[in-house]
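Hello,

Here is the structure I promised to pass on to you. Please have a look at it first, and then read my notes below.

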2 protein chains.
Amino acid sequence: MKGAAMRATVLHKPGDVRFEERAEPKILAPTDAIIRLSATCVCGSDLWPYRGVQAVTEPTPMGHEYCGIVEEVGSAVASVKPGQFVIGSFFASDNTCPHCKAGYQTSCQHREPVSGAQAPRMRVPLADGTLVVTAEVPPDALVPSLLAVSDVFGTGWFAADAANVNPGSTVVVVGDGAVGLLAVLSAKQMGAERIIAMSRHETRQALAREFGATDIVSVRGDEGVARIKELTRGIGADSVLECVGTQESMLQAIGAARPGGFVSYVGVPHGVSLDGEKLFFSHVHLHGGPAPVRRFMPQLIDLVWSRKVNPGKVFDLTLPLEKVAEGYRAMDERRAIKALLRP
Amino acid sequence: MKGAAMRATVLHKPGDVRFEERAEPKILAPTDAIIRLSATCVCGSDLWPYRGVQAVTEPTPMGHEYCGIVEEVGSAVASVKPGQFVIGSFFASDNTCPHCKAGYQTSCQHREPVSGAQAPRMRVPLADGTLVVTAEVPPDALVPSLLAVSDVFGTGWFAADAANVNPGSTVVVVGDGAVGLLAVLSAKQMGAERIIAMSRHETRQALAREFGATDIVSVRGDEGVARIKELTRGIGADSVLECVGTQESMLQAIGAARPGGFVSYVGVPHGVSLDGEKLFFSHVHLHGGPAPVRRFMPQLIDLVWSRKVNPGKVFDLTLPLEKVAEGYRAMDERRAIKALLRP
């Protein structure tokens, strides 16, 4: 099949997603693997260039969330074999450098972005470090939740981890996208006692509650901060998980935390600028960045495999891959939380 | 003596420090105490208004570092008695509110700034929560180190604590003022294996080495960051303690940390603005704020009392209190690290 053509997703300019002919992926480095996708999806972060907030300078193959069957591996790949089911994250990492060993695989000294996952087949660099093999090929019903591990569940989990969520914590989640909803689920798994989800959308509020939210706050900005303070006896939350990436959401997150509390942020900030003096007197801990999903993957796959969690519920729209443009539209218009694509 | 006059330190405008007549302090609230100062000093943060970086809108009684003998207490004060030697921090705190209990006494729900310490006598609000009593009245030789606990040692300790310094850590300290130097000492006490002090001044470099610095870096900015990377095999430091408070020093601190590393900042930021996206991709943990010195005071007093540390060495100039203006000048011109004042 190599050298042949396939149809895959390309963003030409804001709003213009096409499912069109592209060359089949092939092994470029001996550490590469080629996988056939069992499922893929549209990410909230794909909406930044789709909406023109992030520049699109040339036709760009889209997609960075993936799971599927290994078809071919490069000569240097040792731990991954054709026929296995694998999951990987949005940055390829060697998983052996000092940053990987410290648990920050998305800052791997040899990291490479992964792209072109909204396609029938894709190339994954640094396959040994990047891909995690499941015990066996999963039943089809498990695929959506395993796909969620690739990014949104891993990112939501990092949000909770980076914000120091512990048994008994009072947690606020800012953002009701798939990441925010799975941050709620993650906080619940980590034993949070109270989880306040900030959401203005009824269907998302319902899923947040199903995932473990104990309270919903539907106002934003200063009003939202005031409501959080009311709900926490004037103290503020122990942990605030910022899952949006705008100036308003960051300030709301910092304002909702108690002095000494923890604020995490996991979406690429767009136009965010933090005033040093205000941050200083807020007394919060701040941590975030591109979620090192690889760190959490084995644990999250176990949680899914043992049916303890069902993060795949964030996919409220399933489309055949060739209808990918409708997936973007539905998410852009907030008609869907997250669109699953079946090749 | 109440109602009588004393002479004390007042800042009239930038550069204009006067030692002049003021009313003796008196008990204003039943939770107050009046203490007679054994020693006081000039703080690096006093230089912000002295240099006009921070506005001086009216004649301002100066000084917030203090230790001395209790002379009088309000009717509600239970744990502090006249004749005792006490040390307090720059914010009065009740030490019982939720923020205090969480270890953030400088964000106490009832906090009050402490001022007027560059004087023979002063009023301390919330005496029960704010003041720590020593086992006995200390010998005079111990007074400088006990005074250091009041702010600079406590702040340097918080810098190390907030930057997660642990046995074996590689630590960078940005800033060679008294706080930076005592951050070096604190990191050493916490078991840091490598402590890189950034300093361009020979006498400060020498004291940094005496306090535990293993390396000195005398270049700044991007060049300083590059040198830290060289010294850490391209990885960056586990912990970076920012003890200055300028835009340059903050960016230098963030740039010197490894992904997943910890950056603390303990000086009020002046003109600092952090770009959200850059901070995101730096992958650092960030924590700081007004140092909750009260949290660490009992432990630091023990360290001083048992002669395990000698933080008083940062006082390289001792003056009679009435020469306070010379203390400001010497620190402003960097002729002195820190000026001790004896009433």
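In which sense do strand β17 of chain A and β17(B) pair, and over how many bridges? Strand β17 (residues 285-288) of chain A and β17(B) pair in the antiparallel sense, over 3 bridges. Within this pairing, A:His285 has B:His287 in β17(B) as its bridge partner. Strands here are DSSP runs of E of at least two residues, helices are runs of H or I of at least four, and both are numbered from the N terminus. Two strands pair if DSSP finds at least two bridges between them.

Before you go further, some ground rules: this is a predicted model, in which local features need pLDDT of at least 70 and side-chain atom pairs count only at pLDDT 80 or more, while totals for chains, interfaces and linings use all residues. Residues are numbered from 1 along each chain as its sequence is written, chains are lettered from A and ligands numbered from 1 in the order in which they are written, and side-chain values use heavy atoms, with hydrogens and water left out.

Now to the interface. Chain B brings 36 residues to the contact and chain A brings 35, where contact means heavy atoms within 4.5 Å. About 3,000 Å² is buried between the two chains, with 64% of that area from carbon and sulfur atoms; buried area is the accessible area (1.4 Å probe) that two parts lose on being put together, summed over both.

On the side of chain B that touches chain A, at least two residues each come from α2 (98-101), β15 (257-265), β16 (273-275), α10 (276-282) and β17 (285-288) of chain B. The largest share, 5 residues, is supplied by α10(B). By type, this side of chain B holds 18 nonpolar, 14 polar and 4 charged residues (Ala, Val, Leu, Ile, Met, Phe, Trp, Tyr, Cys and Pro count as nonpolar, Asp, Glu, Lys and Arg as charged, and the others, Gly among them, as polar).

How are the copies related? Chain B superposes on chain A by a rotation of 180 degrees with 0.0 Å of shift along its axis (RMSD 0.0 Å), by least squares on the C-alpha atoms of residues with pLDDT of at least 70 in both. That is the relation of a two-fold axis. Both copies use the same surface, as 97% of the contact residues of chain B recur in chain A.

Finally, chain B has an open sheet of 3 strands in the order β2-β1-β4, with antiparallel pairing. Its edge strands, β2 (16-23) and β4 (60-61), each pair on one side only.

Best wishes
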